[in-house]
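Student: I would like a close look at a single part of this model. Please place it within the whole first, then go through it piece by piece.

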Amino acid sequence: MKRIVTSVIFFSLFFYLNGSGQVGVDYDLKKPERYENRTLGYEKTATTKWNVPREFLQNTITHYNFYFNTNNKLNDVLVRAKSQFKEDYTQLLPFYNYTLETTARDKRNLDSVLDKINSAILLHDLRNSWNDNLYILMGRAYLYKNNLDSAHILFQFVNYAYAPRDADGYPLPIGSNQEEGGNAFSISTNEKRNIAKKVFSLPPSRNESFIWLIRTYFQQEKLTKGAVLIEILKQDPNFPDRLKPSLHEMQALYFYKIKDWDSAAHHLSLALDNTTDQNEQARWEYLIAQLYDLSGHPAASKAFYEKASSHTLDPALAVYSRLNAIRDNKGDGANNDYIQKNLNALMRMARKEIYAPYLDVIYYVAAEMELEKHDKKAARAYFRKCIDHANGLGYNRDRAFLKLGWIFMEDKMYPEAKYSYDSVNVSNPNITDSLKVLLERKEALSRIVPQIMIIRRQDSLQRIADMSPSERDSYIKKMLRAYRRQLGLAEDDNSGSGGYGFRSNSVVPDMFTNPIGAGDWYFYNQSVKAKGYGDFKSRWGNRPNVDNWEVQSLINQQITGLTPASSLLPNGNGPNTAAPAASQITAETLMAGLPLTPEKMQKSKDSVENALFALGKSLQDYIPDYRSALKVYDTLETKFPDTRFYQEALYNQYFCYIHLDDSANAARILALMKQKFPTGSYITLIENPPKGPEDLPARTRATQAYETVYEHFIEGHFDQAAGEKLKLDSVFGEKYWTPQLLYIEALYYIHYRYDSIGKVTLNKIITRFPKTVMSAKAENVLRVLNERERIETYLRNLHIQRMTEDSIARLAIAAAQPKITDSANAKAKAMNAQNIGRDSSQISIKKPDALQLKAQSLFVSPYVWSPDKPQFVVLVMSNVDPVYVTESKNAFDRYNRENFYGKNYEIDKQSLTDTTKLMVMQGFENALAALTYLNKAANAAPREIIPWLPEKKYFFIIIDARNLETLKATKDVQLYRKFLNVYSPDAFPAGK
């Protein structure tokens, strides 16, 4: 029986080897002079017979001496790169847990792989079965070296060199249907092989080369090429099932790069079979959950978080998976019941010892859940626990302080906000996105909080000074005891032992000179120990029980930027002011600071007066918090009716009310100023704002700079525009903003669904530029934006049955549409009517005179002048992003609906070139009707319809259907403008 089995295996191997040789590739290699007479293995390909013993020997040596070792070495490079990669589970994970920059640093091993592969190919017969596998390894090595061009060449080489061939050895045309009997087009290699081939060799590597080629395209950011190749392989009947997970992986990578999270999650879930171990699988499951989270599918996200938690061996990933699964458990309970259930689950985790290293993460997530319940007090408590368990450093600690600062700022608790922001480690790279806001707020709070502390301190001192002598003495003694207790000192200065649990009425002996109890060890002698403890407390106060506490406290302060809480206590000591020595804290030293004389009391009141005005101005200019500033100014005017800041305070109040769009109170303050200070300079500043020469250079520079930002926004360079605007705002503040700039910025945020930022920007237009056309537009957009979710839900669930005639439906909608009017629009329309009403009635197309006829005869163009045919009015836009093209279409739709009731002007967006877009309006029976509309719309556009779009970015033309098709073919819009100038010079003068 054993002989029979052996014979079967031998003959199977024989027939397999007899037909397994690859065609391979010819080489023309220039050898070094000393090796010129030596024949390498690849040179024997054409001269040596390919028999069974040679084939067996060549394949075996190439496989086990070269392919096996180089493949393992290449995988080791990848393992080392992954071990150096640090995951941040609080952010969206990268698609791969390694970077090509890291693998490229392992240059020595990658070069060794390339050398070994070259040797394997050149030292062996090119007809062996492992050359294609070696070329794939070579391409991967170049990819890991981040040498993408070389990797691309290698993968393309495998594609072409090992393509299917006909019976005569000629390659079949790639992408032909010859292999499938004329039934299907295919670019893949058919992997239908006999059993012996499947047992003794790897599948052909050509199909794998397509996968690696797609990966290379994506690394080169050639997304379109990679996507096209994916679509071809999806439809390819010969593409093997074994590579389907790899193809899904590439599809997931493509959708990940274009931020189509839902599709990326779906395809990545189909690629899980492609993972190499359990940890890799758990990581991708976590990433899938994150992608479903971003696409708004909490149930699917929760399921994959739970899978990741059960599969991973990484405790950090297990913790974050469980936390996110709890957070995504939305449930179906009312009144936020599901949030409370999730919090209970988090607290159960916190009580388990296994999760002790991750308590800061648990408490941070719990705090965010409390914020979702709008319970800021509980959220603050959890954020403090997060900070306490963060061991003084760490990303969660800084995030918790940032969140606390945000909460305190919202609640107008500015000293607490300052303490939180000052405690953030600004050098932490993980808070880069919040750094600008953090620094701005720290700058504002550095001006606000000192004034608040001055007011609180002086008010406290004045209240104590107003007490009767007996009440004051009793209060001072009580405060002194509390303060000394806080510092760990004796409550009474004449206490010898420090009064902390070791009081003794007996005489305390000296531990070195007193013979009594000489045989007792120090720690067994209570009286001696009491003296030592009291001396330590008197000298050092309360100190942490750690080694090198002095050095460690300095290190922590330098690393974390932590500001001691004592600097914010109302004791007059700022961070840079030395506190009085502990031995000097007595009732007399505390009494010395009280304003008990008229001179000291007046000085204290002056401090409060100055601080109130400075606080109001800082709140107004640096936060800005106009309502709080108004309250401070009111307090100033109430406490100090004769304040020397009265006129300026009224002036500041006037502008606060202007910013709050409270015109009634602004008018009241202005009337009060005219009554109190009829000849005051601030009234002149309000009624005639200065435009002096000293402001002109800055204004000119700012205007030019913001115009550049404006251009970048319009042209679609959003990231560049946003970055430039942040820089300019840090230099000029809000002084030179225009409503047009804010409007297009808001449209950008809304388009990319940053609705909260868009709303803030729209509100700035409404408050800063009230009763203007742009303010009215901002209000309309804001009104729709507030209903966005409801409208989108309604439209998603709406089942529409299209009518036979679309125009009938559109007319019905137009008839049902309420006419929106407001004071700003009405004013603009009135101006428009005054300017263009007379001209539009006088529009006519004159017959050409002799000079014009001569010009027409000399002008050569592919266009034909047909003024009696139906015409289109076209708005031609140059270098305008599609976001604003769409908004322009919406604006003209509204304009037509409000001003041409009953007319059906259909608007279509078309692209002439990459930089030139057309907005084509149809419904005009001839050129005269089109020109009448064009004259009205062109005059209204910069004031009413699209005031936010620079006039140099667009112009109007009229055109018929035939000429429009010609224009699309030639793409020369300037030639058509010359054509209009020749045939209708009155309507389209040269240079306009």
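Tutor: Start with the whole. Of the 992 residues of the protein chain, 42% count as buried. Buried means under 20% relative accessible area, exposed means over 50%, and partly exposed lies in between (1.4 Å probe, protein chains only). This is a predicted model: local features need pLDDT of at least 70, side-chain atom pairs count only at pLDDT 80 or more, and totals for chains, interfaces and linings use all residues. Residues are numbered from 1 along each chain as its sequence is written, and side-chain values use heavy atoms, with hydrogens and water left out.

The protein chain has 42 helices and 4 strands. The accessible surface of the chain is about 54,900 Å², and carbon and sulfur atoms hold 53% of it. Such areas come from the Shrake-Rupley method with a 1.4 Å probe; for residues, only the protein chains shown count as cover. Take the contacts between residues at least 6 apart in sequence: 66% of them join residues at least 24 apart. A contact means heavy atoms within 4.5 Å.

Now the part to look at: the sheet. It is open, with 4 strands in the order β2-β3-β1-β4 and antiparallel pairing. Two strands pair if DSSP finds at least two bridges between them. β2 and β4 (954-960) stand at the edges with a single partner strand each, so one side of each has no neighbour in the sheet. Neighbouring strands are turned by 25 degrees against each other on average, direction ignored. For such angles, axes are lines fitted to C-alpha atoms, for helices over the stretch in contact; angles run from 0 to 180 degrees between N-to-C directions.

Focus on β3. On one side, β1 (residues 871-878) pairs with β3 in the antiparallel sense over 8 bridges. Val 874 stands opposite Val 920 of β3. Val 876 stands opposite Leu 918 of β3.

Two helices pack on this sheet. Helix α39 (residues 882-899) touches β1, β2, β3 and β4, and its direction makes about 165 degrees with that of β2. Helix α42 (residues 973-983) touches β1 and β4; its direction makes about 70 degrees with that of β4.

β2 (residues 906-911) also pairs with β3 in the antiparallel sense, over 6 bridges. β2 and β3 form a hairpin, with 4 residues between them. Leu 918 in β3 is the bridge partner of Gln 910.

Next, the aromatic rings. Rings of Phe, Tyr and Trp (its six-membered ring) pair if their centres lie within 6.5 Å; planes under 30 degrees apart count as stacked, over 60 as edge-to-face and the rest as tilted. The count by this rule is 39 aromatic pairs. One of them joins Phe 95 and Trp 284: the centres are 5.8 Å apart and the planes at 50 degrees, so the pair is tilted. Phe 95 sits in the loop between α2 (52-84) and α3 (100-104), Trp 284 in helix α12 (residues 278-294), and 189 residues separate them. Phe 95 counts as buried at 4% relative accessibility. Trp 284 counts as buried at 6%. Another tilted pair is Phe 924 and Tyr 933, 5.1 Å centre to centre with 45 degrees between the planes. Phe 924 and Tyr 933 are both buried. Elsewhere, ring pairs link Phe 95, Tyr 96, Tyr 98, Tyr 144, Tyr 256, Trp 261 and Trp 284 into a cluster.

Leaving out residues up to four places away in sequence, Thr 70 touches Val 113, Lys 116, Ile 117 and Leu 137.
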